[in-house]
Amino acid sequence: MELEVNGRRLSADVDPETPLLWVLRDELGLTGTKFGCGMAMCGACTVHIDGQPTRSCVMPVSAVAGKRITTIEGLSPNGDHPVQKAWVAEQVPQCGYCQSGQVMTAAALLKATPKPSEAQIKQAMNGHICRCATYQQIVQAVGRAAREG
């Protein structure tokens with residue numbers, strides 16, 4: 001199966017029903033995307049499919065053939081996307097496990113809505129679970145990225 005991941009054409013010899021998450025991690029070695037709940041409930045596995053935040057743990061790889069897939073590794077070549085910089089500035093990371101999914105959702109929000117209200121930020125980030133409970137820092141980081149982006 002041919003895939004476009006982070007701007008590169010890659011191939012994986014997998015069952016078409018294999019969840020995209022496992023193709024990214026196990027076949028392509030892109031381990032920045034995390035496994036959380038396996039039911040699209042926590043958001044740890046979020047990647048962009050044609051620019052839209054998508055839970056990769058329940059997405060069959062066959063459903064993304066011909067689409068642009070962006071993982072946390074492809075968000076910014078240097079890790080200096082405005083959301084990533086704001087994440088550090090607001091000291092969001094604790095254990096860091098949910099971070100890649102949160103950052104991908106925040107980046108998609110800011111691309112679609114460059115100056116979101118706090119309510120829009122909370123709505124977009126709703127459904128991401130952070131076991132360290134850094135929710136307030138997450139909202140502040142997304143707001144900072146919008147202001148300084």
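Predicted model: local features only at pLDDT ≥ 70, side-chain atom pairs only at ≥ 80, totals over all residues.

Student: Fine. How many helices and strands does the chain have?

Tutor: Elements here are DSSP runs numbered from the N terminus, with helices being H or I of at least four residues and strands E of at least two. On that basis the chain has 6 helices and 5 strands. Reading from the N terminus, the order is β-β-α-β-β-β-α-α-α-α-α.

Student: What does the radius of gyration say about the chain?

Tutor: You take the radius over C-alpha atoms and compare it with the globule rule, 2.2 Å times the number of residues to the power 0.38. For 149 residues a compact globule would come out near 15 Å, and the chain has 15 Å, so the two agree. The C-alpha trace spans about 40 × 25 × 25 Å along its principal axes.

Student: And what share of the residues is buried?

Tutor: Buried means under 20% relative accessible area, exposed over 50%, and partly exposed in between, using a 1.4 Å probe and protein chains only. Here 44% of the 149 residues count as buried. As for contacts, meaning heavy atoms within 4.5 Å, take those between residues at least 6 apart in sequence: 57% of them join residues at least 24 apart.

Student: Now the helix pairs. What should I read off for each?

Tutor: Two packed helices are described by the angle between their axes and the distance between the axes. The axes are lines fitted to C-alpha atoms, for helices over the stretch in contact, and angles run from 0 to 180 degrees between N-to-C directions. Angles under 35 degrees count as roughly parallel, over 145 as roughly antiparallel, 65 to 115 as roughly perpendicular and the rest as oblique.

Student: At what angle do α3 and α4 pack?

Tutor: Helix α3 (residues 82-89) packs on α4 at about 125°, with the axes 9 Å apart. The two are therefore oblique to each other. Val83, Gln84 and Trp87 of α3 make the contact with Gln99, Gln102, Val103, Ala106, Ala107 and Leu110 of α4.

Student: Which classes of residue make up that contact of α3 with α4?

Tutor: Count Ala, Val, Leu, Ile, Met, Phe, Trp, Tyr, Cys and Pro as nonpolar, Asp, Glu, Lys and Arg as charged, and the others, Gly among them, as polar. The contact of α3 with α4 then has 6 nonpolar, 3 polar and no charged residues.

Student: How do α4 and α5 cross?

Tutor: The axes of α4 (residues 99-112) and α5 (residues 118-125) come within 10 Å and cross at roughly 135°. That makes α4 oblique to α5. On the α4 side the contact uses Gln102, Thr105, Ala106 and Leu109, and on the α5 side Gln120, Ile121, Ala124 and Met125. By class, this contact has 5 nonpolar, 3 polar and no charged residues.

Student: What about α3 and α6?

Tutor: Their axes come within 8 Å, crossing at roughly 135°, so α3 and α6 are oblique to each other. Pro82, Val83, Ala86, Trp87 and Ala89 in α3 meet Ile138, Ala141, Val142, Arg144 and Ala145 in α6. That contact has 9 nonpolar, no polar and 1 charged residues.

Student: Let's finish with single residues. Is Val139 buried or exposed?

Tutor: Val139, in helix α6 (residues 135-148), counts as buried at 12% relative accessibility. Leaving out residues up to four places away in sequence, Val139 touches Glu118, Ile121 and Lys122.

Student: What does Thr70 contact?

Tutor: Thr70 lies in strand β5 (residues 68-70) and is buried, with a relative accessible area of 19%. Setting aside neighbours within four places in sequence, Thr70 is in contact with Asn6, Val47, His48, Leu75 and Met104.

Student: Which residues of α1 are buried?

Tutor: In α1 (residues 20-27), Leu20, Leu21, Val23 and Leu24 are buried. The buried residues of α1 pack against β1 (2-5), β3 (46-49) and β5.

Notes: Residues numbered from 1 in each chain as written. Heavy atoms only, no water.
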